[in-house]
Amino acid sequence: MLRYPGLVMTAAGLMAASLAHANQNQLDLQQNPDLWATQLGNYQGNRFSQLDQINRDNVQDLRAQWQFSTGVLRGHEGGPLYVGDGRLYIHTPFPNKVFALDLEDEGRIVWSYEPDQDSRVIPVMCCDTVNRGLAYADGRLFLNQADNTVIALDAESGELLWEAENGDHTQGESMTMSPLVVHDKVIVGNSGGEFGVRGHLTAYNVETGEMEWRGYSNGPDDDVLIDPETTTMLGEPIGEADLGVSTWPEGEWERGGGAPWGWVTYDPELDLIYYGTGNPGTWNPEQRTVDGEPADNKWAITVFARDPNTGEAKWVYQKVPFDEWDYDGVNENQLIDVEFEGEQRKGLAIIDRTGFGFLLDRESGELLVAEKFAPETNWADSYDLETGRPNVNEQYSTFRQGVDVNTTDICPTAMGAKNMQPSAYSPETGLLYAGINRICMNYEPFETEYVAGQPYVGATLTMMPAPTQEGDMEGRMGSFIAWDPVAGETVWEVDERFAVWSGALATAGDLAFYGTLEGYLKAVDIETGEELWRFKTPSGIIGNVNTFQHEGKQYIGVLSGVGGWAGIGLAAGLEDPEAGLGAVGAFSALDDYTELGGILTVFALPDA
Amino acid sequence: MLLTRTPRRPGVEALGTLAIMLLAAGVITAQAAGNTEEKATSQSGEGPGNYTVIDGKVDQGTYDGYIAYTRSCLACHGPDGLGSTFAPSLIQAVERRNFGEFSHTIVSGLEIQPGRVMPSFADDEYVLSNVENIYSYMKARSAGDLGRGRPKVIEEERDEKATEPSSEAQE
């Protein structure tokens with residue numbers, strides 16, 4: 001791949017620095033462009049492949065080779081792993097089956113595994129029984145079961161090696177995120193922000209399943225693994241102790257959410273992991289005030305940089321202090337090296353739930369850029385780069401408007417301008433590619449009471465398509481964008497009827513891929529967004545598009561199977577903001593386009 | 001809670017239909033039956049399936065049904081009872097399920113197929129105490145008397161409720 005000398009140099013640098021550190025097996029696999037060994041393609045979360053057999057010139061010939069039904073209905077997030085052993089490893093939503101499929105025999109089942117789980121976990125999963133996929137290292141597969149059990153399987157045989165209990169579903173905890181293996185640890189986070197859980201990120205030993213450390217998202221510094229003298233915020237030590245307690249009303253941090261249910265990325269050179277935390281407990285902001293005034297509710301909606309060996313927090317950045325809109329901060333932190341104001345910086349880019357695209361320095365945690373990628377975003381006008389705080393627009397402040405008041409036309413919706421669907425980054429173009437949601441909302445908080453294991457939401461909301469400009473697709477609820485993370489600008493945008501809830505892929509074949517909720521897998525020109533190819537899979541796509549090469553043939557693999565929050569919120573259609581109450585179906589209903597069904601589809605060029 | 005507590009207003013629509021609906025539900029009270037000028041688009045009184053909608057506002061029980069639905073059912077059955085990609089619309093369900101069947105499903109759950117499960121809410125006191133309210137809310141939605149979103153409570157209901165200490169806890 002001499003076309004991209006910069007990339008090769010980066011890879012070599014990483015390898016030298018990481019010999020004694022990162023899980024060598026996982027890192028070796030990632031550096032082989034034939035493989036897709038971790039859900040986001042590499043530790044940096046780039047979802048970029050150097051493969052170019054399938055490219056801009058021949059993608060119109062791409063054909064489905066075979067399909068495989070998982071036998072599970074409900075939303076299929078995540079994607080297939082390929083670690084070079086001739087098999088694809090896939091997973092399903094609850095009951096969280098795992099399959100090893102023979103790539104040389106059109107998906108024959110080599111082995112399958114199905115855990116025995118208490119189905120009472122299902123009602124404590126807010127947004128469908130999704131799972132974002134397996135992790136792999138050293139012949140082991142790792143899975144986060146819905147019921148909070150972390151398991152390791154022998155990849156060769158499917159035999160269960162160990163299991164660890166990470167939480168309690170009777171208290172509202174569940175798991176949906178994909179683990180990440182770093183060193184000899186598998187790192188996992190819990191879900192349950194709508195049930196008043198206390199968020200935590202935990203490392204287990206890959207060999208034994210023993211817990212190595214746990215960092216909470218709220219509470220005393222000792223629990224959060226913060227040292228206020230050394231952990232920094234925007235480049236300066238935090239200073240004040242126990243902000244995870246004092247920024248909450250009495251005891252509220254114990255049900256303070258901050259569930260890290262999204263993606264974890266890792267910089268082997270700095271030896272730091274990065275992830276974000278979810279919403280702070282109840283959606284009723286009034287119940288999270290201190291002396292009647294907004295309080296930061298730390299460390300919800302916060303980017304954490306932690307030492308993977310000890311869990312210690314190196315730096316933190318709270319994207320949304322005192323959330324009033326359910327803007328979980330869990331979106332993937334893309335680790336990208338950029339030139340910023342004439343200097344090379346180790347960057348961290350986020351296409352965030354809030355509608356803002358952030359660029360930070362991933363070494364220091366300084367905020368460099370915060371610009372809107374979803375132009376309708378109105379809850380905040382801008383960010384103050386010095387303080388790192390949003391300039392909140394009072395008109396859309398659900399706290400200022402008050403309890404039992406319906407604050408209308410807030411953009412984006414609680415789903416976020418982008419949710420969990422991971423973006424891609426091409427080092428060739430320097431751009432991020434992401435499916436986004438163009439949806440706004442009305443939000444009405446109400447007083448709610450905490451009962452363990454019960455929903456702890458305290459707000460009702462209705463959603464409507466974001467306003468369109470001239471030239472936009474009428475009533476569109478999503479789009480696919482190319483975003484310049486340094487300039488803070490959208491380079492191109494393709495409108496989609498529905499929110500784009502699928503993970504993107506960028507390749508050296510000058511292509512970007514994404515799936516749609518109707519079930520189309522699409523390939524677009526990475527330079528212009530022009531659609532070059534599409535295929536209708538049997539169900540809506542909320543999974544991620546992955547690519548790999550086996551015996552000289554490049555494949556594209558994607559799970560379809562509609563569901564997730566998109567499948568809940570969009571199934572019957574959104575309201576027409578002009579039509580008032582009861583305008584069912586005024587906008588496109590997902591139900592008119594797709595039905596359930598988990599299917600893996602594997603594509604290749606016919607002559608390859 | 002009873003319709004007679006609401007001020008009478010002119011402009012009665014489809015009163016015959018209303019009377020038939022009330023008869024069918026077997027919930028006519030003397031007050032309701034005598035309240036011929038009520039601008040209620042719905043059937044009245046308390047109990048499963050009964051609700052009051054006046055100018056888009058609802059009785060406390062139906063409102064509680066909306067909140068309980070939103071807390072405990074929406075995550076699968078979609079906003080405002082409309083259904084999701086994996087769980088059916090309860091607006092349609094109440095057209096073909098009577099209250100006994102509806103409550104039985106909530107209490108017992110359903111195993112449709114592996115991974116496609118309607119969980120039992122037998123251990124959930126909050127849901128159990130709101131089954132009638134949820135049914136009423138769904139009936140109001142099903143009849144087309146109540147639209148999407150969070151309804152307001154009829155003021156007189158709210159005033160009256162506010163004087164009852166037992167009803168203050170709004171979960």
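Predicted model: local features only at pLDDT ≥ 70, side-chain atom pairs only at ≥ 80, totals over all residues.
An unreviewed UniProt entry lists three residues under "binding site": A:E194, A:N279 and A:D326. These residues span 133 residues in sequence, yet no two of their C-alpha atoms are more than 9.6 Å apart, so they gather at one spot.

Let me take two of these positions in turn. A:N279 sits in the loop that runs between β17 (272–276) and β18 (302–306) of chain A. Is A:N279 buried or exposed? With 27 other C-beta atoms within 10 Å, A:N279 is buried. Setting aside residues up to four places away in sequence, A:N279 touches A:G193, A:G257, A:A300, A:I301, A:D323, A:D326 and A:D328.

A:D326 belongs to the loop between β19 (313–318) and β20 (334–340) of chain A. A:D326 is buried as well, having 25 other C-beta atoms within 10 Å. Neighbours within four places in sequence aside, the contacts of A:D326 are A:N279, A:W283 and A:A414.

I turn now to the two chains. How many residues of chain A are in contact with chain B? There are 36 such residues, and they meet 25 residues of chain B. On the side of chain A that touches chain B, β30 (459–465) and α6 (564–569) of chain A each supply at least two residues. The largest share, three residues, comes from α6(A).

Key. Residues numbered from 1 in each chain as written. Chains lettered and ligands numbered in written order. Contact = placed C-beta atoms within 7 Å. Helix = DSSP H or I, 4+ residues; strand = E, 2+ residues; numbered from the N terminus. UniProt positions renumbered as here; feature names shortened; annotations may be inferred. Buried ≥ 20, exposed ≤ 12 C-beta atoms within 10 Å, placed from the backbone.
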